[in-house]
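Me: I'm new to this structure and would like to know where the labels come from. Could you take me through a few of them?

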Amino acid sequence: MTEDRETTLLDSVPDGLFIGGEWRPAAEGGTLRVFDPATGNVVKTIADARPADGMAALDAAVEASASWAATPARERGEILRRTFDLLQERKEDFALLMTIEMGKPLAEARGEVAYGGEFLRWFSEEAVRAGGRYGANPEGTGRMIVTQHPVGPCFLITPWNFPLAMATRKIAPALAAGCTVVIKPPELTPLTTLLFVKLLEEAGLPKGVVNVFTTSTSSAVSAPIIADPRLRKLSFTGSTPVGVRLLEQAAKGVLRTSMELGGNAPFVVFDDADLDKAVDGAIAAKFRNIGQACTAANRFIVHRSVVDEFARRVTERVAGFTMGRGTEEGVTIGPLIDEKAVAKAEELVGDAVSRGATLRIGGQRGEGAGTFYEATVISDVQPGSAILNEEIFGPVLAIIPFDDEDEAVRIANDTEYGLVSYVYTESLSRGQRMIERLATGMMGLNVGVVSNAAAPFGGWKMSGLGREGGAEGIHEYLQTKYTLTANPFA
């Protein structure tokens, strides 16, 4: 990867706010710096919005709302499809940009481009399928007409860990449904969203339909937008504590909300599991995105009869990992997003080991520049360890033994979260029981990655509200109207 190519790519990324179809600086002229976590170097300086900028973005979305809602569904879908096609043409640019600003290995960044693009393709097709129903009421005195309508201007807040996919997963269904949006990408990884919005502009999206601002003062800029009665929908992906605060703000305006929050995913390996498949799944479920995913397996709950062999095999696989900047050939573990992430991994591993866990490999921060932390495996994790209750968000695989199915279910469900679970068993009946017994919104049965644009993504309990993706995803941006007409035959 040449330095010249990175420079050319970064130069092509807009550095302003996109409001009402125009790229412009922040009203107060403020700027913020974006860093490469692998080197600590500043890669670009961009606009730093203040509350006036956020309100200007909402103004633009409101102004464009009626005309976009009236745009034929087919036309909305074709704009999404053109955006998908443009993304395929520039997939290498988007992959490289994500690697630069977020740190994930280039191969994984390419995978995110493919995944993120599928939301554009999927919702370009769903745009024309948001129908209704018509029929006689039970009494035969009239006809019931049920129709779907855009909910209105939406505020979308995305996280730093999947800079493209989290933007497309929200923007695509909103546009398909006929909603205008204001999107706030994260301060740590805003560049991918800025480049993507430029792609929407190239695809012919009308002015004001999508507006984007970047800011270092998220709460101050977001609060007036959420409090404005013209806003009708809030979608957030991020931590549960922040999600709870946003829900409290949204309640005052009775906003429609979608909340994709934290997770504490169990990965259960029964004694009859195919260990080769289980180890492959464990590596994918834990170390994808350097462990920085809400769907990452957090607690590896392994039957006592196979726990030692499972631990030996995953440790052997981890020993073959290569840590480094994601642009380098063969790198499998990139940097964590910032110093706080490294400190958290160190703290969680240190606490577990102090309580009796065995450190099998890793457990150290990387040397030199960048926020690196070694891929780590710990086993015999004891009850009461913080790592069993907190979302790790790092490359740490923690193993707990169990003795029977009831114990496995109890441990797996012993969390306030309920986003995703993973189960490995060769028993069909046991797999069916786990579908019924595990308290999560998603489940992988003998697979380590469950995300798909055609599937409803979301959790139970403190893991959030609503669903993104699938046929369900567009309905998060639609509201239902029921009309009763007189019986035409009376």
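Predicted model: local features only at pLDDT ≥ 70, side-chain atom pairs only at ≥ 80, totals over all residues.

Me: Why is Cys154 called buried?

Reply: Buried means under 20% relative accessible area, exposed over 50%, and partly exposed in between (1.4 Å probe, protein chains only). Cys154 has a relative accessible area of 1%, so it counts as buried. Cys179, at 0%, is therefore buried too.

Me: How do you know that Cys154 and Cys179 are too far for a bond?

Reply: A disulfide is a pair of cysteine sulfur atoms within 2.5 Å. The closest cysteine sulfur to that of Cys154 is in Cys179, 4.0 Å away, so the pair is too far for a bond. The structure holds 0 disulfides.

Me: What makes Leu188 partly exposed?

Reply: Its relative accessible area is 33%, so Leu188 falls in the partly exposed range. You will find Leu188 in the loop between β8 (181-184) and α7 (191-202); helices (H or I, at least four residues) and strands (E, at least two) are DSSP runs, numbered from the N terminus.

Me: Which residues does Leu188 touch, not counting those up to four places away in sequence?

Reply: Leu188 touches Val34, Glu101, Trp160, Ile337 and Asp338, where contact means heavy atoms within 4.5 Å.

Me: How do you know that β5 pairs with β6?

Reply: Two strands pair if DSSP finds at least two bridges between them. Here 4 bridges join β5 to β6 (residues 142-150), and the strands run antiparallel. Within this pair, Gly135 stands opposite Met144 in β6.

Me: What makes β5 and β22 edge strands?

Reply: The open sheet of 3 strands has the order β5-β6-β22, with antiparallel pairing. β5 (133-136) and β22 (478-486) each pair on one side only, and these are the edge strands.

Me: How do you know that β15 and β16 pair?

Reply: They are joined by 3 bridges, with β15 (residues 376-379) and β16 (residues 396-402) running parallel. In β16, Val396 is the bridge partner of Thr376. Both strands belong to an open sheet of 7 strands, in the order β14-β15-β16-β13-β12-β18-β19, with mixed pairing.

Note on methods:
Residues numbered from 1 in each chain as written. Heavy atoms only, no water.
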